[in-house]
Amino acid sequence: MTIFEKIIAREIPAPIVYEDDLVAAFNDINPQAPIHVLIVPKKIIPRVGEATAENQATLGALLLAAGKIATQLGVNETSKGFRLVINNGQDAGETVPHLHVHLLAGRELTWPPG
Ligand code: AMP
């Protein structure tokens with residue numbers, strides 16, 4: 001069981017900021033911006049590179065949730081903004097093998113990312 005499955009099952013306390021049938025979202029324990037939310041599928045997909053056509057609805061739900069959470073947190077407007085990041089594999093810095101979308105906002109984000 002991944003740490004994210006335990007959070008979704010409420011076995012580890014973490015404030016859930018959004019939840020629907022397919023995905024859940026909670027604050028990152030080590031935030032890299034004033035807003036740093038992780039959006040994860042409830043049914044485990046290890047990483048985006050292993051997703052299949054069967055996961056299509058879940059993959060879409062992750063992005064739709066991102067928009068809703070950004071609205072909820074007041075950053076879904078072009079004068080503000082947010083960044084979505086998915087780390088896939090070692091070189092990208094993936095540390096938890098349970099697909100997650102990082103939603104970062106609340107400060108000006110530099111480009112390119114590190
Ligand atoms: P990644 O490096 O893309 O795999 O991201 C994993 C993220 O999970 C990191 O940003 C961690 O800070 C975060 N994380 C690890 N454990 C927890 C936890 N118990 N609650 C919330 N976030 C966590």
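Trainee: Which element gives the most to the lining of the largest pocket?

Mentor: Rolling a probe the size of a water molecule over the atoms shows where empty space is left. A pocket is an open set of points on a 1 Å grid over the protein atoms alone, where a 1.4 Å probe fits, with protein on both sides within 12 Å along at least five of seven lines; lining residues have an atom within 4 Å of a point. Here, β4 gives the most, with three residues; strands are DSSP runs of E of at least two residues, and helices are runs of H or I of at least four. The model is predicted: local features need pLDDT of at least 70, side-chain atom pairs count only at 80 or more, and totals for chains, interfaces and linings use all residues. Numbering starts from 1 along each chain, and side-chain values use heavy atoms, without hydrogens and water.

Trainee: What is the volume of the largest pocket?

Mentor: The volume is about 590 Å³. Of its 24 lining residues, Q32, V85, N87, H102 and L104 are the closest to the centre. Two or more lining residues come from each of β3 (35-41), β4 (82-85) and β5 (101-105).

Trainee: What volume has the second largest pocket, and which element gives the most to its lining?

Mentor: The second largest pocket has about 160 Å³. Its lining includes I3, F4, I7, F26 and D28. Both α1 and β2 give two or more residues, and α1 gives the most, with three.

How values were computed
Points joined across faces, edges and corners; volume = space filled by probe spheres on them.
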